[in-house]
Amino acid sequence: MRLRFLGSTSEAGACPSLYETDRGTVVVQGMRLTDPEALADLRHVLDGEVAVEVPRELLVDIARRVLG
């Protein structure tokens, strides 16, 4: 799999960041969600899955740029 950097809200380009893959999927890089109350609200978490918090503005910005 190859990744193409889409963007980040960090000035240094660190997390959280979004990447597009050559498989037509999106990869999210960020800090693992650790808040117990938030984790309890997640549904159907499978073994090996983690939740990552991403600022809404990052998703909106990337959607506008990528989807036109």
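Three strands make up an open sheet in the order S1-S2-S3, with antiparallel pairing; strands count as paired if DSSP finds at least two bridges between them. The strands at the edges are S1 (3–8) and S3 (26–29), each of which pairs on one side only. Everything here comes from a predicted model, in which local features need pLDDT of at least 70 and side-chain atom pairs count only at pLDDT 80 or more, while totals for chains, interfaces and linings use all residues. Residues are numbered from 1 along each chain as its sequence is written, and side-chain values use heavy atoms, leaving out hydrogens and water.

**The chain as a whole**

- Let's start with the parts list: the chain has two helices and three strands.
- Taken along the principal axes, the box filled by the C-alpha atoms is roughly 35 × 25 × 20 Å.
- Of the chain's 68 residues, 15% count as buried. Buried means under 20% relative accessible area, exposed means over 50%, and partly exposed lies in between (1.4 Å probe, protein chains only).

- S1 and S2 (residues 17–21) pair in the antiparallel sense over five bridges. Along this pairing, Phe5 stands opposite Tyr19 in S2, and Ser8 stands opposite Ser17 in S2.
- S2 and S3 also pair in the antiparallel sense, over four bridges. Here Val26 in S3 is the bridge partner of Glu20.
- A hairpin is formed by S2 and S3, with four residues between them. Look in its turn for Gly24, which has a positive phi of about 80°.
- S2 is largely enclosed by the rest of the structure, because four of its five residues are buried.
- As a general point, side chains in a regular strand alternate between the two faces of the sheet.

**Salt bridges**

- How many salt bridges does a search of the whole structure find? It finds two, where a salt bridge is a side-chain nitrogen of Lys or Arg within 4 Å of a carboxyl oxygen of Asp or Glu.
- Glu20 forms a salt bridge with Arg4, and their closest N and O atoms are 2.5 Å apart. This pair links distant parts of the chain, since Glu20 is in strand S2 and Arg4 in strand S1, 16 residues apart.
- Both partners are partly exposed: Glu20 has a relative accessible area of 29%, and Arg4 has one of 48%.
- Asp61 forms a salt bridge with Arg65, with the closest N and O atoms 3.3 Å apart. Asp61 and Arg65 are four residues apart in helix H2, so about one helical turn separates them.
- Asp61 is partly exposed, at 35% relative accessible area.

**The loop between the helices and the surface**

- Leu42 is found in the loop between helix H1 (36–41) and helix H2 (56–67). With a relative accessible area of 37%, Leu42 is partly exposed.
- Leu39, Leu42 and Val45 form a nonpolar patch on the surface, and together they have about 230 Å² of accessible area. Patches are made of residues with over 30% relative accessible area and no salt bridge; like charges are joined within 9 Å, and nonpolar side chains (Val, Leu, Ile, Met, Phe, Trp, Tyr) within 5 Å.
- Glu53 also has its place in the loop between H1 and H2. Is Glu53 buried or exposed? At 60% relative accessibility, Glu53 counts as exposed.
- Not counting residues up to four places away in sequence, Glu53 touches Pro16 and Met31.

Definitions and conventions: Areas by Shrake-Rupley, 256 points an atom, 1.4 Å probe, with all protein chains shown as cover. Contact = heavy atoms within 4.5 Å.
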